[in-house]
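Keep the model open beside you and take the steps one at a time.

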Amino acid sequence: MAADGTRLISGGFDGRTIIWSPDLQTARGVERFHDGNVTATALLADGRHLTGGQDGRVALWGDAGDPVFATPHGVSPVAALAVAPDASVIAVGFWDGRLVLMGLDGREIASVQAHTGRLAGLAFLPSGDLVSVGGDLRFARWDRSLSLQASAGLPDLPNGLARVGDRLAVIFAEGALRLFSPDGEVLPERFLSERPLVAVTASPDTVVAAAVDGTIWILGAETLQVRAEIAPEGGPVWALALAGDTLVAGGASGTIRRHAIADGARIGQAQSVIADAYDDGSRGAEVWRACAICHSLEPGDHSRAGPSLHGIFDRPIASVEGYAFSPALRDLDIVWTPETVAALFEVGPEIYTPGSRMPDQRVADPADRQALVEFLDRASR
């Protein structure tokens, strides 16, 4: 999701990019181009915008219905997009850790294997240098030739990055938000949740972060004091954007909602969330609610972030038709059984299915893991 006060574009798991009207409530255009999820968006000051996808492609859009340019299909999904302060180049980060500088004609200028794990966040500094964070727990600053200027270790797995003036706000899977200097020095930090933080956006005086359970925090940029906390509504918030004095949030509920930056108050009407039809009142169904945010149990329903789990047991990983799995998953030799599903949530996707786009979550209680697999055994048939 990207916004600039008069424009908002959102990318979806269904492959659509929606262009919203200035009031951020009415869709005035829909683009369909990428194979699979739209994974990154960015706005240009001249009215054009960029999208990146699960298919590894980057597209530049103007006023017409087709892209001005589009790169070929890639070997790894696009993880992040950033536009240089002078709009002369764009930066593209990929899930395989590559970082590419590209002209606005689609021509590649420079590339580097920036991280050995997924590239989790990307932002240009006012100086024109570029900062990236990755799954290898590294913070890196690059110049315009992608020569490394500074590097530092990170204390945990990063899930996103946003620029705050001349500093960087990084969110982590452990639930912490930290500010960093351009050289990777840790500045103020704040632990917000026991759940992974999965979305972040910022302006010079405000940082906003969201957790996988859907909680949103609005914080002052200087010391990360919490100004407002917004309760979850309909599951994870996957994307955040600031548009003037308004916060825009989009997530698993499939809706765009607005909040006032000053106090987090809702702007406009709330959207209702449909209850899960598979709730049988069991403990397993309660645990399943977190999974239902990204997965359906209906046959062939891949409209959410992840594939349908109908018929999951005794099925090889990444084998269901109709869903675009990452190459990393297709290369794994796993058959889904109650035992392997339980193991996934015991150690987490980062360890059990490395390269997966699934947020790093665990079910710590063995009894809850057992209840979950028993529920799946009943409901996924």
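This is a predicted model: local features need pLDDT of at least 70, side-chain atom pairs count only at pLDDT 80 or more; totals for chains, interfaces and linings use all residues.

**Exercise 1.** Is Asp 96 buried, partly exposed or exposed?

*Solution.* Residues are numbered from 1 along each chain as its sequence is written, and side-chain values use heavy atoms, with hydrogens and water left out.

Step 1: recall the cut-offs, where buried means under 20% relative accessible area, exposed means over 50%, and partly exposed is in between (1.4 Å probe, protein chains only).
Step 2: Asp 96 has 28% relative accessibility, so it counts as partly exposed.
Step 3: look at its partner, Arg 98, which meets Asp 96 in a salt bridge of 2.9 Å, N to O. (A salt bridge is a side-chain nitrogen of Lys or Arg within 4 Å of a carboxyl oxygen of Asp or Glu.)
Step 4: Arg 98 is at 24% relative accessibility, so it is partly exposed.

**Exercise 2.** Describe the salt bridge between Arg 283 and Asp 368.

*Solution.* Step 1: the closest N and O atoms of Arg 283 and Asp 368 are 2.8 Å apart.
Step 1: Arg 283 lies in helix α1 (residues 283–292) and Asp 368 in helix α5 (residues 366–379), so this pair ties together parts that are 85 residues apart in sequence. Helices here are DSSP runs (H or I, at least four residues), numbered from the N terminus.
Step 2: Arg 283 is partly exposed, with a relative accessible area of 42%, whereas Asp 368 is buried, at 14%.

**Exercise 3.** Why does the second largest pocket lie between domain 1 and domain 2?

*Solution.* Step 1: on a 1 Å grid over the protein atoms alone, a pocket is an open set of points with protein on both sides within 12 Å along at least five of seven lines, and lining residues have an atom within 4 Å of a point.
Step 1: 18 residues line the second largest pocket, and Trp 95, Arg 118, Pro 354, Gly 355 and Ser 356 lie nearest its centre.
Step 2: domain 1 (8–260) and domain 2 (273–380) both give residues to this lining, so the pocket lies between them. The domain bounds come from an automatic or database domain assignment.

Methods:
On a 1 Å grid over the protein atoms alone, a cavity is a set of points where a 1.4 Å probe fits but cannot get out, and a pocket is an open set with protein on both sides within 12 Å along at least five of seven lines; lining residues have an atom within 4 Å of a point. Helices (H or I, at least four residues) and strands (E, at least two) are DSSP runs, numbered from the N terminus.
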